[in-house]
Amino acid sequence: MDPDPEGHELLKSDTPLKSAEKFMTTLEQFAADWLTTHLLRFEVAIRQPEQIVKAAEAIKRGLQIDEGEPQLAVALAKLVGKLAQSVEGLDDATKTKANEVVKSIMGDGDLKSFCKVLSVT
């Protein structure tokens with residue numbers, strides 16, 4: 001039985017992203033083949049500079065499930081924008097790894113070409 005079925009105690013968390021991580025781990029374990037899992041993983045990860053690689057990998061896994069999903073193009077645009085900024089607290093190795101994942105998603109194309117493929121320009 002859930003001691004907090006409406007989530008009131010969860011909302012009181014001082015570290016909501018860390019709390020979300022616990023749920024994401026479970027969700028990824030039991031719903032790895034759901035697109036929503038990877039979209040949620042992206043949304044949690046993109047808010048944490050140290051998890052930008054997880055955000056990129058979430059997009060990549062989402063594309064493996066449904067390469068025509070427009071929300072993934074939006075997520076990719078957010079990710080590229082975040083990488084283009086000087087992300088505070090992001091070391092060069094992490095930024096390089098995230099860029100490699102983005103490049104593996106987009107191939108030799110750019111973001112505009114990728115969006116055209118998904119028909120969301």
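Is Arg41 buried or exposed, and what is its relative accessible area? Arg41 is buried, at a relative accessible area of 1%. The legends below describe views of a predicted model.

**View 1. Overall fold of the chain.** The chain holds seven helices and zero strands. Read from the N terminus, its elements follow the order α-α-α-α-α-α-α. Among its 121 residues, 36% count as buried. Of the contacts with a separation of 6 or more, 57% are between residues 24 or more positions apart.

**View 2. The largest nonpolar core.** This core has 23 residues. The residues with the most contacts inside the core are Phe42, Ile52, Ile59, Leu76, Leu79 and Ile105. At least two core residues come from each of α3 (35-46), α4 (52-65), α5 (70-84) and α6 (92-106). Helix α4 provides the largest share, seven residues.

View 3. Arg41 lies in helix α3. The residue counts as buried because its relative accessible area, 1%, is under 20%. Apart from neighbours within four places in sequence, Arg41 is in contact with Glu21, Met24, Thr25, Glu28, Gln51, Lys54, Ala58 and Arg61.

**View 4. The side chains of Arg41 and Gln51.** A polar contact joins the side chain of Arg41 to the side chain of Gln51, at 3.5 Å. Gln51 is also one of the residues listed in contact with Arg41 when neighbours within four places in sequence are left aside.

Definitions and conventions:
Residues are numbered from 1 along each chain as its sequence is written. This is a predicted model: local features need pLDDT of at least 70, side-chain atom pairs count only at pLDDT 80 or more; totals for chains, interfaces and linings use all residues. Side-chain values use heavy atoms; hydrogens and water are left out. A nonpolar core is a set of buried Ala, Val, Leu, Ile, Met, Phe, Trp, Tyr and Cys residues joined through side-chain atoms within 4.5 Å. Buried means under 20% relative accessible area, exposed over 50%, partly exposed in between (1.4 Å probe, protein chains only). Helices (H or I, at least four residues) and strands (E, at least two) are DSSP runs, numbered from the N terminus. Contact means heavy atoms within 4.5 Å. A polar contact is a pair of N or O atoms within 3.5 Å; within protein, one must be able to donate a hydrogen and the other to accept it, and residues adjacent in sequence count only if both atoms are side-chain atoms.
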